[in-house]
Structures are given as C-alpha cells and as structure tokens.
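Me: Please take a close look at one part of this model, the packing of its helices and strands. I would like the cut-offs stated along the way.

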Amino acid sequence: MSVQEVLPLGGVATGQSGDFRADHRLVAEMVKPGSKVLDVGCGEGDLLQLLETRGIDGRGIELSREGVNRCVAKGLAVVQGDADTDLVNYPDDAFDYVILSQTLQATRQPRVVLENLLRIGRRAIVSFPNFGFWKMRLQLLIGGHMPRTENLPATWYDTANIHFCTIKDFVELCDAINVKMERSVALDLYGRPIPLNLPWWVWNMFGEQGVFLLSRGGGK
Amino acid sequence: MGDVKSIPSPAISADERSHEVDHPSSQVAHFGAEQPLRLDCGVDLTPFQIAYQTYGELNADRSNAVLICHALTGDQHVANVHPVTGKPGWWETLVGPGRPIDPKHYFIICSNVIGGCMGSTGPASINPATGKVWGLAFPVITIPDMVRAQAMLIDRLGIDTLFAVVGGSMGGMQVLQWTAAYPARVFSALAIACATRHSAQNIAFHELGRQAVMADPDWHGGGYADRGIHPHRGLAVARMAAHITYLSDAALHRKFGRRMQDRELPTFSFDADFQVESYLRYQGSSFVERFDANSYLYLTRAMDYFDIAADHGGVLAKAFADIKTRFCVVSFTSDWLFPTSESRALVHALNASSARVSFAEIETDRGHDAFLLDVPEFLDISRAFLQSAGKARGLKDG
C-alpha cells in the first residue's frame with residue numbers, strides 16, 4: 001500500500017493540485033479502472049477527480065449546494081441530494097462501486113444507507129472516523145467530555161455527525177445485515193495503514209478511521 | 001388613462017412585422033410537399049419553413065454542433081443584433097465570442113420554433129392554400145412538433161449528432177424532448193430552469209395571458225391580420241402578467257420597491273405612479289412590437305400540453321431509459337415558475353435511468369429570468385459542463 005505520507009485525514013486536500021488525501025488514495029486504489037462509481041457525499045469532488053485520472057466513470061451526490069456547484073463547475077457529474085432520502089431513486093446494480101467517504105456518521109439511518117449502497121452498487125467502499133480510537137476514549141474517560149479531534153472539531157451541539165460508531169460496531173453491523181468485508185484497512189492518525197497481522201482490538205484502538213471494501217453476503 | 005390604453009402603441013407598423021414573418025433576415029430552410037411536418041394533432045404541415053441563424057464553423061467531423069432552443073418569446077437571433085428591436089442577442093451572456101458557447105469552438109444553430117413569428121411557419125405566416133394569414137386555422141402545435149421540425153433542419157444541415165442541445169424555460173423543454181425523442185443524436189444536454197411538464201399554476205398563468213389577448217376587441221377571433229390591425233393591448237397585458245412570473249418578489253423589491261416614477265407624490269389617479277407599473281407597461285409595449293398575438297396563443301398552448309412522462313406510460317424514467325447523453329440540469333432558488341422541485345424530479349428520473357447527470361441549483365433573487373442574465377455561477381457551470389463534455393467528445397479547446 002502506497003499510503004505512507006503524513007496527511008491530515010479529515011481535512012481537505014492540500015493546496016497543490018495533484019495531491020490527494022491518503023484515505024482518498026486508498027479508496028481509489030480499491031476501485032478497478034474502467035468501472036462506474038457513485039460517490040455519496042462527494043464534498044467538493046476531490047475523490048471524483050482522483051478517480052477520473054484513473055479512467056473511472058464517476059458520479060456524485062452531495063448535500064451542500066456550495067459543494068455541488070463547485071463540483072459541477074469542475075465538470076463533474078454531481079447532483080444535489082441526501083444519502084438518507086435520495087439513494088432510493090437509483091436502480092439496483094446501477095454502479096460497480098458506491099463510495100461513502102466520511103459520511104456514514106452523518107446519516108440519519110446508517111443501516112438503511114448501507115443496505116442501499118449495496119443494492120445500487122455491486123460493491124461499496126465505506127470509510128468513517130473510528131470512535132474507538134484511543135484519543136476519543138481518553139477524552140470521554142479522563143476529560144469527561146464528548147470527544148473532539150482536529151479532524152472532528154465540532155462540539156456535540158453543532159456537529160453534523162449524529163451516528164458515531166467504532167470499527168468494532170461497524171463490523172457487527174456488517175455481520176447483522178449479511179454484508180461481506182472483502183478488504184478492511186484501519187488508518188492511524190497519520191493516514192498510515194495499521195499492519196494486517198495485528199488483532200482487531202488494536203485496529204479499534206489505534207485506527208483513527210476505517211476503510212472497508214464491502215460486497216453482498218452470500219446468504220442473500 | 002386608467003387602463004392599458006396608456007401603454008404606448010408599437011413603433012413599427014403591422015407591415016414591418018409581417019415582413020420578418022415571411023421573409024426573415026436570417027437563413028431559411030424550406031420544406032416542400034415531399035417533406036411534411038407530421039404534427040401531434042394529426043395534421044401534416046406542408047409546405048413549411050424554418051428560420052435559423054448559425055454562428056461559427058462546423059468542424060470536419062461534424063461533431064461540434066450546438067443547438068440553442070429558445071424560450072416562449074425568443075427567436076433565432078440568439079447572438080446577433082435583433083432585426084426588429086435593434087437589441088443585442090437575447091442570450092449574449094451565454095452565447096458569443098468569449099462566452100461559454102463560443103463560435104470559435106462550436107457550430108451554433110438557433111432556429112425559430114414552428115408556431116413562432118420570426119420566420120418559421122406559424123399562425124402569422126401566409127397559408128399557401130388560401131393566400132391569407134393562417135390565424136386560428138393554423139394547426140395546434142406541441143413541443144415535440146417543434147423538436148421534430150428542428151430535427152429536420154439538423155438533417156438538412158447534414159448533422160447526425162448534436163454535440164449539445166441547450167435551452168432554458170420552453171427551450172429547456174425542447175432540450176428534454178430532444179433527449180427523449182432522439183437520445184442517440186444528443187451527446188450532451190443543458191436543460192435550464194425548466195420542467196418535464198407544465199404545472200397547473202403555469203397553465204393557469206398562460207390561460208390568463210390568452211384570455212387577455214382574446215378579450216381585446218382587435219383580436220377579432222384571431223382574424224386581425226386580414227383587417228390590418230393587431231390586438232396589442234391584450235397582448236401587452238398578457239406580457240405584463242407573464243413578466244411578473246419571470247421575476248421574484250425580492251427582485252421587484254430590490255429593483256423598484258415602492259419608488260415613484262418621475263414624481264414625488266401620488267397623483268391620485270391610475271397613471272403609472274410607481275416605477276414598477278411604468279416598467280411593466282414598457283415591457284408590455286416593447287413586446288408587442290416584435291411578437292404576434294396568435295403566435296403567443298399557440299406557443300403557450302404547446303407548453304401547456306408538454307408532459308414527457310405522459311408520453312411514456314406515466315413513468316418519467318422510461319423516457320430516458322439507457323440514455324448515454326450527458327445531462328446538466330440547472331435551476332435557480334428564486335424561480336417560482338419552474339422551481340427547483342421540478343428539476344429535482346427530472347434528476348431523480350435521470351438517476352433512475354443511470355444517466356450521467358450534473359445538477360446545480362444557483363442561489364439568486366432574480367427569479368426565472370436569471371437564466372438570461374449575467375449570473376456568473378451559472379455561466380461558469382455551463383462552461384465547465386460543456387468543456388468536460390467536449391473532452392469526452394474529443395473536441396479541441398471546447
């Protein structure tokens with residue numbers, strides 16, 4: 001994996017063009033060239049632009065009007081929409097991959113959204129901040145405050161993130177709704193993948209975020 | 001005073017108007033008996049003509065043609081000085097040198113719609129069977145009829161696939177009809193401030209306008225042309241009412257507020273005391289100089305009948321099944337004539353068809369008219385969309 005650079009994870013892409021966020025590069029690397037991709041919560045289109053450089057037919061949905069208009073002004077196929085309410089409009093198997101990057105925790109119904117991702121797409125790639133990360137735990141345990149980090153700086157009363165989970169929680173949800181995890185990567189605070197041979201609890205403790213390549217479980 | 005008689009009479013005669021109707025100062029394509037236009041109402045219109053303008057050069061691959069579809073009261077003079085009014089092209093913000101649709105890169109075509117009055121066959125044209133102006137004997141036309149006629153023009157110009165079809169309002173309806181009827185002939189579609197069907201409220205406003213025209217005694221059941229007159233008062237009222245729907249409360253307030261027109265105090269009369277009254281009267285009177293009253297009836301009717309889903313078993317997505325066209329849909333926050341919800345319904349249907357679609361809602365207080373105005377965010381988006389499509393089409397510079 002080529003994601004060894006020190007990059008701020010939840011932040012925006014660095015100023016120079018051609019530089020992409022570590023988690024975006026990891027996601028892009030999971031997508032086969034030539035596929036058709038829907039990026040749900042595509043922000044200002046950084047990931048879509050990265051995918052475009054790899055010959056991928058990318059589409060996007062974004063909640064904020066400013067984000068959408070910046071994407072469209074970059075020539076990207078992005079529409080204004082809400083992951084909670086607008087995914088139902090897409091037909092089954094419309095995409096090879098549906099990506100939900102750093103957005104799951106902001107949806108009202110993460111389970112329904114996840115199910116929709118894998119209905120619309122043959123595969124889904126989901127990344128989210130891990131609330132089991134040691135810094136988060138420490139803030140609640142010692143500080144007695146709802147955790148805030150550089151990447152999630154909002155206070156509890158004005159955050160858009162309403163459904164935080166840990167990597168462990170997410171894995172349990174995937175099991176519960178028969179979603180197969182084809183690939184899982186936990187990135188540490190510096191965007192570096194945590195070695196595969198370490199046990200799950202290490203991921204859940206030291207992963208600042210999780211990135212998962214998912215497909216439909218065999219039982220369905 | 002006290003009624004619309006205070007609207008000034010048109011500065012040009014009925015004769016000048018009729019000259020543009022039959023002998024437009026633009027290019028004209030004639031279609032004879034061997035090429036009738038099959039109308040939705042069941043009539044074959046023949047012979048007929050389409051007046052059109054072109055800008056720029058068609059490239060060797062014939063892959064850079066952009067068709068501009070005009071709105072209700074527009075015409076083919078999208079990017080040149082208007083032969084009747086002397087005003088600049090009606091979409092000079094979007095079309096022209098240095099603009100997002102630049103004749104340096106594209107072969108730009110804009111034709112007057114069938115039913116119009118600037119040179120394409122319509123109710124103001126001479127009916128060759130009688131030698132008289134068609135008037136209400138002209139068959140009722142639809143948006144699909146307009147697009148069918150445009151397709152015949154595009155064939156005549158030797159173009160198979162249009163690089164882009166672009167339009168706002170009624171022009172946007174034509175864009176959508178193009179993609180539904182000829183999906184393989186449209187590489188990209190820019191549909192602005194429009195809808196896949198005309199709403200009840202919009203039909204109601206159109207009916208108001210038509211009734212205003214028909215209530216004018218000079219209308220004479222549509223036969224005014226034979227008498228050498230024009231129901232300009234009725235048409236001006238129709239235009240005034242319609243013009244309000246193109247703006248917004250906020251825009252009217254910002255532009256005029258309650259300010260008085262050339263006076264300090266109310267005159268205690270029905271004169272145009274307020275600036276907004278004066279403005280509307282001017283809009284009405286300048287409109288009748290260049291537009292035919294019957295044509296207004298026919299074109300508003302065509303918009304009323306428009307409903308793409310109804311033509312596809314009531315399921316909008318079916319109209320766009322497996323479509324390869326790249327779409328860009330744009331709406332404006334203060335447009336209450338074609339509100340964002342209409343564009344969103346279109347986008348949902350396009351998503352359901354897995355179409356490639358961009359959708360932007362532009363924040364502005366300028367109402368429906370915003371698509372014709374200098375709204376930089378809208379123009380930037382249009383430029384980027386066409387550039388991106390041009391790259392996919394293999395156009396240079398686009």
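Predicted model: local features only at pLDDT ≥ 70, side-chain atom pairs only at ≥ 80, totals over all residues.

Reply: Residues are numbered from 1 along each chain as its sequence is written, with chains lettered from A and ligands numbered from 1 in the order in which they are written.

Chain A has an open sheet of 7 strands with mixed pairing, in the order E3-E2-E1-E4-E5-E7-E6. Helices (H or I, at least four residues) and strands (E, at least two) are DSSP runs numbered from the N terminus, and two strands pair if DSSP finds at least two bridges between them. Angles here run from 0 to 180 degrees between N-to-C directions, with axes fitted as lines to C-alpha atoms, for helices over the stretch in contact. Within the sheet, strand E5 (residues 121-129) and strand E7 (residues 209-216) of chain A run antiparallel and are joined by 7 bridges. Ile125(A) has Leu213(A) of E7(A) opposite it.

H1(A) packs on this sheet and touches strand E4 (95-101), E5, E6 and E7 of chain A, its direction making about 20 degrees with that of E7(A). Contact between two residues is taken as C-beta atoms, placed from the backbone, lying within 7 Å. H3(A) lies across strand E2 (57-62) and E3 of chain A and runs at about 160 degrees to E3(A).

Helix H1 (residues 22-30) of chain A also packs against helix H2 (residues 46-53) of chain A, at an angle of about 40 degrees and with the axes 10 Å apart. H1(A) is therefore oblique to H2(A); angles under 35 degrees count as roughly parallel, over 145 as roughly antiparallel, 65 to 115 as roughly perpendicular and the rest as oblique. The crossing of H1(A) over H2(A) is right-handed, that is, the near helix is turned clockwise from the far one by less than a right angle, with anticlockwise giving left-handed. His24(A), Val27(A) and Ala28(A) of H1(A) meet Asp46(A), Leu47(A), Leu50(A) and Leu51(A) of H2(A). This contact of H1(A) with H2(A) has 5 nonpolar, 1 polar and 1 charged residues; Ala, Val, Leu, Ile, Met, Phe, Trp, Tyr, Cys and Pro count as nonpolar, Asp, Glu, Lys and Arg as charged, and the others, Gly among them, as polar.

The contact between the chains takes 17 residues from chain A and 20 residues from chain B. On chain A, helix H3 (65-73) and strand E3 (77-80) each supply at least two residues of the side that touches chain B. H3(A) gives the largest share of that side, 5 residues. By class, the side of chain A that touches chain B has 10 nonpolar, 4 polar and 3 charged residues.

Chain B has an open sheet of 8 strands, also with mixed pairing, in the order E1-E4-E6-E5-E9-E10-E11-E12. Strand E1 (27-31) and strand E12 (356-362) of chain B each have a single partner strand, so one side of each is left without a neighbour in the sheet. The twist from one strand to the next averages 20 degrees. Strand E11 (residues 326-332) of chain B is largely enclosed by the rest of the structure, because 7 of its 7 residues are buried. Buried means that 20 or more other C-beta atoms, placed from the backbone, lie within 10 Å of the residue's own; exposed means 12 or fewer, and partly exposed is in between. The buried residues of E11(B) are Arg326(B), Cys328(B), Val330(B) and Phe332(B) on one side and Phe327(B), Val329(B) and Ser331(B) on the other. Strand E10 (residues 186-192) of chain B pairs with E11(B) in the parallel sense over 5 bridges, and Val330(B) is the bridge partner of Ile192(B). E11(B) pairs with E12(B) in the parallel sense over 7 bridges, and there Arg326(B) has Arg356(B) as its bridge partner.

The axes of helix H2 (residues 143-156) and helix H3 (residues 170-181) of chain B come within 9 Å and cross at roughly 70 degrees. That makes H2(B) roughly perpendicular to H3(B). The contact of H2(B) with H3(B) has 7 nonpolar, 2 polar and no charged residues.
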